[in-house]
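Please prepare a short briefing on the protein model displayed here.

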Amino acid sequence: MEGTTWTAYAAVFLGILFLLLLPKFLRQRKLNLAPGPKPWVIIGNLNLIGSLPHRSIHELSRKYGTIMQLRFGSFPVVVGSSAEMAKIFLKSMDINFVDRPKIAAGKYTGYNYSDITWSPYGPYWRQARRMCVMELFSAKRIDSYEYIRSEELHSLLNNLNNLSGKPIFLRDYLTTLSLNIISRMVLGKKYMDESHNSIKNMLREMFLLNGVLNIGDAIPAIDFMDLQGYVKRMKVATKIFDRFLEHVLDEHNARRNAEENYVAKDMVDVLLQLADDPSLEVKLERHGVKAFTQVSPSNS
């Protein structure tokens, strides 16, 4: 009698397990997955991604084709690596791929997903896109900064001329040129001279941390361990950068309040004006303004 009872329990258990797994099995059979390397348990294909992820993915695409599937820890990733695939992802089927994963960089360096790069698709993202297209990066706005690009380029050429005959590391000068142009367009003045080396280093750290492959994003179960130390670095860098941006916003607000009918001179001015606009569908908060100052360099 006891044996019969356990047999019945086992049958019921197996029946429930079968019913739970059957839909997943059927869904998997219907999927027409892109080719790709076989993933390992837990880590997926992270073992194939080196210190330069874009190069690793390029090498894999040469083997598996212009569209392939990888697995980064717990998450499937579809990679397109041709102009045709880019058109499908960004134009033909853009609404299916418009959202962004919530990763550590967006949380800690993007003011909790407050900029267009990291914010989820929805009213805020659509408003942010309109702001970028119509205000921040319109052709008229970009053309109005032509004098900045011209002045900084002439300054670079003069510096190089003064160093004629001496060995130089050209990459450093070109980096400074780019940062000076961005700084003047976005913040209103240069912060990249010798007296502001700490700001230059801080920006380089922010750019780096926004592009790293954080293992905790791919394997959430070990995220709390911060094995690579990236999250700690993000928190430190963001805290320092936030103090700098608070100073910049205070300067801009003081200048705007001191002049009647103030005309925006840089992108922070434009963002502060938008933050005061009562007609916005979603109010642009102060942390959103700070988040957008970080988007501006990458889009300009």
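Is Asn261 buried or exposed? Asn261 is exposed, because its relative accessibility is 68%; buried means under 20% relative accessible area, exposed over 50%, and partly exposed in between (1.4 Å probe, protein chains only). This is a predicted model, in which local features need pLDDT of at least 70 and side-chain atom pairs count only at pLDDT 80 or more, while totals for chains, interfaces and linings use all residues. Residues are numbered from 1 along each chain as its sequence is written, and side-chain values use heavy atoms, with hydrogens and water left out.

**Overall make-up**
- The protein chain contains 14 helices and two strands; helices (H or I, at least four residues) and strands (E, at least two) are DSSP runs, numbered from the N terminus.
- Of the 300 residues in the protein chain, 34% are buried.

**Nonpolar cores**
- In soluble globular proteins, nonpolar side chains tend to be buried together.
- A nonpolar core is a set of buried Ala, Val, Leu, Ile, Met, Phe, Trp, Tyr and Cys residues joined through side-chain atoms within 4.5 Å.
- The largest nonpolar core has 53 residues, of which Leu136, Phe244, Leu284 and Phe292 touch the most other members.
- Helix α12 gives the most to this core, with nine residues.
- Apart from its neighbours within four places in sequence, Phe244 is in contact (heavy atoms within 4.5 Å) with Leu187, Tyr191, Ile199 and Met202.
- A second, separate core of nine residues includes Met68, Phe72, Val79 and Ile219.

- Glu152 belongs to helix α8 and counts as buried because its relative accessibility is 5%.
- Beyond its neighbours within four places in sequence, Glu152 contacts Leu177, Asn180, Ile181, Arg184 and Lys190.

**Loop residues**
- Asn261 lies in the loop between α12 and α13, and its phi is positive, near 55°, although Asn261 is a residue other than glycine.
- Tyr113, in the loop between α5 and α6, is not a glycine and has a positive phi of about 65°.
- Tyr113 is buried because its relative accessible area is 13%.
- Ile168 sits in the loop between α8 (146-162) and α9 (170-187), and counts as partly exposed because its relative accessibility is 39%.
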